[in-house]
Amino acid sequence: MDASTDITVRVNGRERRIPRGLNVEGLLRSLGLHPALVVVERNREIVPRGEYAATPVEEGDVLELVHFVGGG
Amino acid sequence: MVPYEFQDTPLVIAGREFKSRLILGTGKYRDNATMVAALRASGTEMVTVAVRRVDLDRTKEEGILYHLDPKEFFLLPNTAGCYTAEEAVRYARLARAAGFTEWIKLEVIGDSTTLLPDTQATLEAAKILVAEGFKVMAYTNEDLVMALRLEDAGCVAVMPLASPIGSGLGLVNPYYVREIKRRLSVPVIVDAGVGTASDACITMEQGVDAILMNTAVAEARDPVAMGRAMKLAVEAGRLAYLAGRMPKREIAVPSSPTTGMLDR
């Protein structure tokens, strides 16, 4: 990976270097996540699931990736 | 002989019918197989789930949907752990974006020691969520006035606690819970505090529409057996309520005839 083509984003509270040009769907897949089972908030706005592929991930983005877990 | 068949009316929440009056949480089970077995043993049709960050350090799939079929159980996402109306609304929106349901178990905590609800923030969040089209089931304390306010705000169910979350202390205030049930038109579901089957039975005997519980089943030594015990207790309590109990008297009354005794 060429460091000059990387960008820095914050994912679930931690900074990550990821390749420039990824969209949300690509980011999820690169993290080994199934896009149908993850809800994405980008800069405090929910990204509708149908728009994952069309939503770019940009330098400085703050992303929250959430899913359902056991709870009462 | 014709076996006695008890036919209850269904529990109806926001136009949706449920045969079971037991709603279970899915937290704190020792493993997912035990959880699913306990849910099945309980006969529940609706289970709560929480919204949390995906753990990116774990390679194993840990989301609950890998273990729970949303076609088998109606999913009720919650806003557990939220301390402000704003935070609860954010979690509710994330839950809806998962694409399963617009129903939400609204819970806004006001005190970290007792986990008692912040009812003012709950009402504020309920109004916002109802306006956004959510079906809101609101966790609250056993305060009649707040229960009425939550109903007025458009909540599809109001859920007073039996006692604090995870305490297992049972129904602390049956009179207030009965009063809430008497005064509200939407279903009243007792949420939190039930510890064992007798608690569930006593709670249903108050006439409430259903019970939501988690820890009592999840932390039982045998959660599957306790799931079944809770099913039976909820049904027994419901049936006893409908049957109408005898009056309490602080005096004994013989059950056998007092006439026809020998040598008298």
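This is a predicted model: local features need pLDDT of at least 70, side-chain atom pairs count only at pLDDT 80 or more; totals for chains, interfaces and linings use all residues.
1. Residues are numbered from 1 along each chain as its sequence is written, and chains are lettered from A and ligands numbered from 1 in the order in which they are written.

2. Chain A holds one helix and five strands, arranged from the N terminus as β-β-α-β-β-β; helices (H or I, at least four residues) and strands (E, at least two) are DSSP runs, numbered from the N terminus. With a radius of gyration of 12 Å, close to the 11 Å that the globule rule gives for 72 residues, chain A is as compact as a globular protein of that length; the radius is taken over C-alpha atoms, and the rule is 2.2 Å times the number of residues to the power 0.38.

3. Of the 72 residues in chain A, 25% are buried, a residue being buried if 20 or more other C-beta atoms, placed from the backbone, lie within 10 Å of its own.

4. In chain B, three strands form an open sheet in the order S6-S7-S8, with parallel pairing, where two strands pair if DSSP finds at least two bridges between them. Strands S6 (103–106) and S8 (157–160) of chain B stand at the edges, each with a single partner strand, so one side of each is left without a neighbour in the sheet.

5. S6(B) and strand S7 (residues 135–140) of chain B run parallel and are joined by four bridges, and B:Leu106 stands opposite B:Ala138 in S7(B).

Conventions
A residue is buried if 20 or more other C-beta atoms lie within 10 Å of its own, exposed if 12 or fewer, and partly exposed in between; C-beta atoms are placed from the backbone.
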